[in-house]
Amino acid sequence: MMPVADLVLRLAKPFLIEKPAWELSLDQHKEALVRSVEPVEQRIQKARSSQAEEIVRHIIGIERWGQRRLQVALGKPLVMDEHHEYKPPAGLDKAHLLYEFRKTRIQTIELAERLKGTIEPTYVPHNALGPLSTRGWLYYLNLHAQWESRRLR
């Protein structure tokens with residue numbers, strides 16, 4: 001049986017993710033991904049709490065996992081895995097976590113560029129949300145990093 005939270009997310013997905021995602025071109029998604037780097041990085045830099053490292057590792061892990069899912073639209077086989085194996089190793093200092101976030105975000109932006117050559121819409125499953133379009137994935141990854149970085153204290 002599906003948890004209630006997952007069911008609510010699946011029902012809201014067309015309005016919270018897909019609709020706003022399709023209002024943006026792939027170039028606009030790239031621009032949004034670029035614009036959100038600075039605020040996320042500022043939150044990472046200011047973070048002092050004991051949970052900060054795990055939150056940043058989670059943000060990076062989800063984005064890398066999402067990149068792998070997006071690569072399905074470019075011909076890679078679908079792997080139904082979790083985001084945990086995509087996290088950077090524990091124990092990295094803030095400078096290294098910032099570097100890993102930047103590197104990961106650059107890869108997402110490059111992936112958005114490569115997706116311009118695909119036939120849309122292409123849907124790839126998200127473990128909790130169900131199928132997301134490639135634009136939905138880009139929107140979700142950007143939104144996720146922004147939401148989660150707000151938890152940093």
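Modeller: Here is a predicted model, and what follows is a set of questions about the words used for its parts.

Biologist: Let's start with the helices. Why are α3 and α5 called roughly antiparallel?

Modeller: Helix α3 covers residues 37-46 and helix α5 covers residues 94-115, and they pack at an angle of about 165°. Angles over 145 degrees count as roughly antiparallel, so α3 and α5 get that label. Their axes lie 10 Å apart, and the crossing is right-handed.

Biologist: Which residues meet where α3 packs on α5?

Modeller: From α3 you have V37, V40, E41, I44, Q45 and K46, and from α5 there are K94, L98, F101, R102 and R105. Sorted by class, that contact has 5 nonpolar, 1 polar and 5 charged residues.

Biologist: And what makes α2 and α3 roughly parallel?

Modeller: Again, look at the angle. Helix α2, residues 26-35, packs with α3 at about 25°, with the axes 4 Å apart. The cut-off for roughly parallel is under 35 degrees, so α2 and α3 qualify. L33, V34 and R35 of α2 meet V37, E38 and P39 of α3. By class, this contact has 4 nonpolar, no polar and 2 charged residues.

Biologist: How do you know whether T134 is buried or exposed?

Modeller: T134 has a relative accessibility of 1%. Buried means under 20%, so T134 counts as buried. T134 lies in helix α6, residues 134-149. Apart from neighbours within four places in sequence, T134 is in contact with L70, A73, L115, E120 and T122.

Biologist: Then why is E53 called partly exposed?

Modeller: The relative accessible area of E53 is 27%. Buried would need a value under 20% and exposed one over 50%, so E53 falls in between and is partly exposed. E53 sits in helix α4, residues 52-70. Setting aside neighbours within four places in sequence, E53 touches P89, A90, G91, L92 and L97.

Biologist: How far is E53 from R135?

Modeller: In sequence, 82 residues separate E53 and R135, and in space they are 29 Å apart, C-alpha to C-alpha.

Biologist: On to the strands. How do you know that β1 and β2 are paired?

Modeller: Pairing takes at least two bridges between the strands. There are 4 bridges joining β1 to β2, residues 130-133, so the two count as paired, and they run antiparallel. Among the bridge partners, P125 goes with P131 in β2, and Y123 goes with S133 in β2. A hairpin of 3 residues joins β1 to β2.

Biologist: Which residues are on the covered face of β1, and which on the uncovered one?

Modeller: In β1, residues 123-126, V124 and H126 make up the covered face, while Y123 and P125 make up the uncovered one.

Biologist: One last thing. What makes the bond from E120 to P121 worth a look?

Modeller: The peptide bond from E120 to P121 is cis, with omega near -5°. Most peptide bonds are trans. As for where to find P121, look in the loop between α5 and β1.

Definitions and conventions
Residues are numbered from 1 along each chain as its sequence is written. This is a predicted model: local features need pLDDT of at least 70, side-chain atom pairs count only at pLDDT 80 or more; totals for chains, interfaces and linings use all residues. Side-chain values use heavy atoms; hydrogens and water are left out. Buried means under 20% relative accessible area, exposed over 50%, partly exposed in between (1.4 Å probe, protein chains only). Axes are lines fitted to C-alpha atoms, for helices over the stretch in contact, and angles run from 0 to 180 degrees between N-to-C directions. Angles under 35 degrees count as roughly parallel, over 145 as roughly antiparallel, 65 to 115 as roughly perpendicular and the rest as oblique. A crossing is left-handed if the near helix is turned anticlockwise from the far one by less than a right angle, and right-handed if clockwise. Contact means heavy atoms within 4.5 Å. Ala, Val, Leu, Ile, Met, Phe, Trp, Tyr, Cys and Pro count as nonpolar, Asp, Glu, Lys and Arg as charged, and the others, Gly among them, as polar.
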